[in-house]
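User: I have a structure to go through with you. Can we take it piece by piece?

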Amino acid sequence: MAEWREAVSAALAGETLAAPQALALVHAPVADLCAAACELRERRERRLVTYSPKAFIPLTKLCRDVCHYCTFARPPRHGERAYMSEEEVLAVAREAAAAGCHEALFTLGDKPELRYRAARAELAALGCATTLEYLAHCARLVIDETGLLPHVNAGVMSARELRALRAVSVSQGLMLETAAARLSERGGPHFGSPDKLPARRLTTIAAAGRTRVPFTSGILVGIGESRAERLESLLAIRAAGERFGHVQEVIVQNFRAKPGTRMAGCAEPSLDEVLWSAAAARLVLGAGANVQVPPNLSFAEFGRLLEAGINDWGGISPVTIDHVNPEAPWPAVEALDYATRAHGLELAPRLPLYPEYVVEPERWVDPALVPALLRRSDASGLAREDGWAAGAPDPRPAQAMRTALSVRDLAALPGPGARSLLPDSIVSGSVARVGDGTAPKSSRRRRSPVTVALAKVARGAPLDERDVVALLEARGGEHAAVCRAADELRRETCGEVVTYVVTRNVNYTNVCYFRCGFCAFSKGKLAANLRGKPYLVPTTEIVRRAAEAWERGAVEVCLQGGIHPAFTGRYYLDVCRAIKRALPELHIHAFSALEIWQGAATLGLPLEPYLGALREAGLASLPGTAAEILDDEVRRVICPDKVTTEQWLGVHDAAHRAGLRSTATVMFGHVERPQHLARHLLRIRDQQRRSGGFTELVPLPFVHMEAPIYLRGRARPGPTLREAIVVHAVARLALHPWITNVQASWVKLGITGAQAALCAGCNDLGGTLMNESISRAAGAQHGQEMPPERMEDAIRELGRRPRQRTTLYGRPASERVGASFGAPPLSEPRSAPAHEARLVAPPRLVRPGFVEAR
């Protein structure tokens, strides 16, 4: 009996159990095994239990096998189709897509055309030779018409057949069920089912690995196998996964006796036996494995399955039944969430492809499917939770607040509109409020990474990369806790005042010789989108716009644009001098790190002397744009010829030494992962500790609609709303106390999204802008100007106090504030066609970044 204890200890020590050790678990009591399995699950990076919102599409129920427990497979019936039609398949898929599903699960019998003439005849009428050919056709239709991601369970297949389906599905599956060949002998549940021979199924699993197909397998509990045979089956699956790395999840499924089958009278496994099997799977497969038990097969007791250390509930459909187990309805997602939180875990939707495979699409996914995968993925590789997009109008304004904040937060919000933001079920009192003592109790024994990070914030300890990643990936109650912590820190640091600046943006040209993949504003020769014509704003017009802004109460003009190939550093000097001559009191906030670098390089000057010259010409501070993500792994993808991470930081370091302050930005929601975002924030923090010149951090959610990198299928469609809000919150926590101002961009977030960010750590609403071209070119629809009246209304709706500020967070003169209210409409801005300037580019253009380095 001591052997099982030694095996459990070895598993908890992180060892991979050898076969004799694994088999010793046969004698382990269920309680001990479950305790060890839960401890292993707690060592995973994320404290999540996932599920896949899906549609179940039973393409055909004909099968050449005759498993004696199955009611899914049946012989042909007179007057009934052997296969779902294209229209039927698409009808299910469209309904699922409308309901927020991500997965189209195709399940079907094994090669029925080898047994049934009716199958062969119908396939011929469909123009297909085999069931697998028709499956590939329907999977392609679903991707093209609905964007759902197919997962196919198509039975035993050759490498060639797996490869063909890989082109139309992001993952595939085949339950091993059992490695016990005796169960295929006469009298066994698999007798007469040639595709259930373990050797054949293991051959298919191995072939899937060789063809780089992310794969699902698993065991069936209670069909006559022994515990030792279950463990041998798990070892066989593990061996295939270790060899190829493709086994993304292992299902432990319990047998259910079904009327009308030969095994209708057989005893079903007890819940304890299912728990023992799932816990054994966790110990054999290790902490990093994804272990699933279908919740619907345990009915009302499904919540106890979490006691066995599982981390996935499998597919849950709001639109279709479980056609394999039609007697067992799926629990509602709300019930899954309640049960998951009762065990101190958080529920999260996933894709048919698990996150560790989503983040390596070049290895695991056919290139033609990657755009569809990215459209449904968030930064962590999990499923997008909402239809929100940066820059797009929110059709349900209150949803922004509901998603960003917990129910308790909403109930505490002041103002007459706060109650309208609560879900109807809360207003009516039909469910328990979060945090009122009736929510599920946590059984967690270890502090989660989020809890650890928040404890460091509370005692003033700096966060490291792992802490920041954990906070960025917070979900559910932990997400709400992060937002609350950030807002409390904001309250302690900045009080209840929300600031904003009256400013005018001038984007002086859209001609640019750099090739940023996210930019829809640039109109260089290689631009992917030429919706607008190339223009150049004359210097006289720049000055006129600045003067008009001054008349309307502005304290700042913000200048940014493309890098025209004929521009040198003299251009930027001349523009500053012209504005300063005309408007000596107006603050010039201008030129990204790329413009500064290019200006200095074209004049052959080091950064500091050039920045000193700009300061003398009137430049007062730098915007933090061109930062994007300060991680060169990301920059090589989205902006390879732009300034590198080191160059961006170097420009701002030089600016701070030259006596110029600057802002910092982060543009997220495209190709970066939480690790990249964490490194960005920490690099900004470290730079600030050295030079102290940053005034604020401005998170900028990626506006995807017209961005070339998105249109080419190489980027996600911006962050989800949860991600957008949590980035603002984490910025507050990670940068404190070195940067104390965090801004919400109403241009990107919309006003309701910005309000949500103000409740999650932000203390600034940015600028009134008056004009804005760059976000609009990418597809943003939140307008070009937010006048002070609307700014202050939005702030007061949250019970906060609005206050105008200067660029450097001082108080503007009272006459400036007075001039900003009731300002007259802007005159129509004037721009000249770029060619009219007759600028001539030099024979060789200077380029920073990785392109120059080559």
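User: Start with V213: buried or exposed?
Analyst: V213 is buried, with a relative accessible area of 1%, and the cut-off for buried is under 20%. Keep in mind that this is a predicted model.

User: Where is the place of V213 in the chain?
Analyst: V213 sits in the loop between α8 (198-210) and β5 (215-221).

User: And what does V213 touch?
Analyst: Not counting residues up to four places away in sequence, V213 touches L162, R166, Q172, A208, H246 and W364. The C-alpha atoms of V213 and G245 are separated by 9.6 Å, and these two residues are 32 apart along the chain.

User: Step back a bit. How many helices and strands are there in the protein chain?
Analyst: The protein chain has 34 helices and 20 strands. Of its 854 residues, 61% are buried. Among contacts with a separation of 6 or more, 78% are between residues 24 or more positions apart.

User: Which residues have the most contacts inside the largest nonpolar core?
Analyst: Those are L559, I579, F591, L614 and W648, in a core of 128 residues. Helix α29 (residues 721-735) supplies the largest share of this core, with eleven residues. Apart from it lies another core, of 99 residues, which includes L105, L174, L275 and A289.

User: Back to W648. What does W648 touch?
Analyst: Leaving out residues up to four places away in sequence, W648 touches A593, G624, T625, A626, A627, L630, V643, A664, I684 and F694.

User: Now a charged one. Is E548 buried or exposed?
Analyst: E548 counts as buried, because its relative accessibility is 9% and the cut-off is under 20%. E548 lies in helix α21 (residues 539-551).

User: What does the side chain of E548 make a polar contact with?
Analyst: The partner is the side chain of R504, at 2.7 Å. R504 and E548 are 44 residues apart along the chain, and their C-alpha atoms are separated by 9.2 Å. Beyond four places in sequence, E548 touches P825, L826 and S827 as well as R504.

User: Next, helix packing. At roughly what angle do the axes of α1 and α3 cross?
Analyst: The axes of α1 (residues 2-12) and α3 (residues 30-41) cross at roughly 10° and come within 10 Å. Angles under 35 degrees count as roughly parallel, so α1 and α3 are roughly parallel to each other.

User: Which residues meet there?
Analyst: From α1, W4, V8, A11 and L12; from α3, D32, L33, A36, E39 and L40. The residues of this contact divide into seven nonpolar, no polar and two charged.

User: What is the phi of F299?
Analyst: F299 has a positive phi of about 50°, although F299 is not a glycine. F299 is found in the loop between β7 (291-292) and β8 (312-316). With a relative accessible area of 36%, F299 is partly exposed.

User: What about the phi of E628?
Analyst: E628 also has a positive phi of about 50° and is not a glycine. E628 lies in the loop between β15 (619-622) and α25 (632-638). At 7% relative accessibility, E628 counts as buried.

Methods: Residues numbered from 1 in each chain as written. Predicted model: local features only at pLDDT ≥ 70, side-chain atom pairs only at ≥ 80, totals over all residues. Heavy atoms only, no water. Core = buried A, V, L, I, M, F, W, Y, C linked by side-chain atoms within 4.5 Å. Buried < 20%, exposed > 50% of the residue type's maximum accessible area, 1.4 Å probe, protein only. Helix = DSSP H or I, 4+ residues; strand = E, 2+ residues; numbered from the N terminus. Contact = heavy atoms within 4.5 Å. Polar contact = N/O pair within 3.5 Å; in protein donor to acceptor, adjacent residues only side chain to side chain. Axes fitted to C-alpha atoms, helices over the stretch in contact; angles between N-to-C directions. Parallel < 35°, antiparallel > 145°, perpendicular 65-115°, else oblique. Nonpolar A, V, L, I, M, F, W, Y, C, P; charged D, E, K, R; others polar.
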